[in-house]
Amino acid sequence: MTTTSQAPNQAPRHSSAKAQAAGTNSGRRGTARRRLIAAARRLREVGSIASALASTAHPYMAHIVPMRRCNLACTYCNEFDDVSSPVSVEEMRRRVAHLGRLGTSVITISGGEPLLHPELEEVIRSIRGTGAIAGMITNGYLLMPERIERLNRAGLDHMQISIDNVMPDEVSKKSLKVLDAKLAMLAEHAEFHVNINSVVGGGIANPEDALTISRRALELGFSSTIGIIHDGSGQLKPLGSRERKVWDEVRRLTRRSYSRFNGFQEAIANGMPNDWRCRAGSRYLYVDENGIVSYCSQQRGYPGVPIAEYTTAMVKREFLTEKSCAPNCTISCVHQVSYIDHWRAPQKTTVTPGGEGHGASSGLVQIR
Ligand code: SF4
Ligand code: SF4
């Protein structure tokens, strides 16, 4: 769905002061209430980091998919279809409850397009019911003031929208021209934190669009991040000079967002492998629409265990399992989550997702 997810502990920039300075919030309501909600959210986030530092025996973040269907069809995306039905809210509640029992700190709804799910707000309520921080990733097309208010009432904490270009083209319709009215609605109505992700790389015709998108996001009082899309070969390759210039400028604008993770992103921008410990299957879980736990959206089916059967013992084992795909990985959200533990517990076993002897039918990991 996206190349980059925002770290949940980033300081929200959805402040009324910034938006007022930009002259964008003449109609904004309840700023004191928003500040209170933001302060409470930050406290919960600090608590989640403290609990992650105190114990490695629980996931920090899970992405869950309540619906694989999407109303768009970005040509670089392999995470959607145009036929599937929503997962029932009862089943989603069971999955979320189990993530809660495992001690998951942040549960982010992904897709497909989550706003197509008719009972999305109930899923968000169930996440908040576990005590977790509730996030979602959306293309934003279906946002309307009334829907944003429903998301407020359900207790959504974070929303990320990825915008790929200024004008829609054959690669992507996630365009500022189309979505700007939706961003204005969010600036007016949202009580949750909003991050706008822009992208450079494979198939994006005008790299400079990312700069326009980031500037607009900051102007509206949102936070902004930038990710890199790779071409279909999946190979790392350095950004071209135009893309590099935009990349540097957006990172300069959004310095606070990237201060802790520049090394990983910088290596990707340079087309270089990264040296890191992927804690997928442990600190990060990807739960697809069938309720199957995978390492991440790009390693679906591995380890391939139903969430109802996922145990703390599996979380502990995967924490210590090296993934052979790590050096060339570009999945920033898993890296950010894994960074919490970068200083501890070297991994003792190794696995090649999809390699011989690995997967749902063959047990979980190969022991080196
Ligand atoms: S909007 Fe997101 S999920 Fe839908 S096709 Fe585009 S990238 Fe994929
Ligand atoms: S290293 Fe492999 S398993 Fe870990 S996030 Fe990247 S692709 Fe997924």
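A residue is near a molecule or strand here if its C-beta atom, placed from the backbone, lies within 6 Å of it. With that in hand, select ligand 1: of the 13 residues around it, Cys70, Leu72, Cys74, Cys77 and Asn139 come nearest. To sort such residues, count Ala, Val, Leu, Ile, Met, Phe, Trp, Tyr, Cys and Pro as nonpolar, Asp, Glu, Lys and Arg as charged, and the others, Gly among them, as polar. The shell around ligand 1 then splits into seven nonpolar, three polar and three charged residues.

Before moving on, a word about what you're looking at. This is a predicted model, where local features need pLDDT of at least 70, side-chain atom pairs count only at pLDDT 80 or more, and totals for chains, interfaces and linings use all residues. Residues are numbered from 1 along each chain as its sequence is written, while chains are lettered from A and ligands numbered from 1 in the order in which they are written.

Next, ligand 2. Which residues come nearest to it? Look for Cys278, Tyr295, Cys296, Cys325 and Cys329, out of the 13 around it. Its shell has 10 nonpolar residues, two polar and one charged.

Now zoom out and switch to a cartoon view. The protein chain has 12 helices and 11 strands; helices (H or I, at least four residues) and strands (E, at least two) are DSSP runs, numbered from the N terminus. Of its 368 residues, 47% count as buried. Buried means 20 or more other C-beta atoms within 10 Å of a residue's own, exposed means 12 or fewer, and partly exposed is in between, with C-beta atoms placed from the backbone.

Time to peek inside. A nonpolar core is a set of buried Ala, Val, Leu, Ile, Met, Phe, Trp, Tyr and Cys residues joined through C-beta atoms within 7 Å. The largest one has 79 residues, and Ile107, Val200, Ala210, Tyr284, Val287 and Val334 have the most contacts inside it. Helix 6 (residues 176–189) gives the most to this core, with five residues.

Click on Val200. Two residues are in contact if their C-beta atoms, placed from the backbone, lie within 7 Å. Setting aside residues up to four places away in sequence, valine 200 touches Pro207, Ala210, Ile226, Ile228, Leu239, Glu243, Val246 and Trp247.

Colour helix 7 (residues 208–219) and helix 8 (residues 241–253) next. Their axes come within 9 Å and cross at roughly 10°, so the two helices are roughly parallel to each other. Axes are lines fitted to C-alpha atoms, for helices over the stretch in contact, and angles run from 0 to 180 degrees between N-to-C directions; under 35 degrees counts as roughly parallel, over 145 as roughly antiparallel, 65 to 115 as roughly perpendicular and the rest as oblique. Helix 7 brings Glu208, Ala210, Leu211, Ser214 and Leu218 to the contact, and helix 8 brings Val246, Glu249, Val250 and Leu253.

Leaving aside neighbours within four places in sequence, alanine 190 is in contact with Ile148 and Asn152. For a contrast, pick glutamate 146 in helix 5 (residues 145–154): it is exposed, with 10 other C-beta atoms within 10 Å.

Last stop: a cis peptide bond joins glycine 111 and glycine 112, with omega about 5°.
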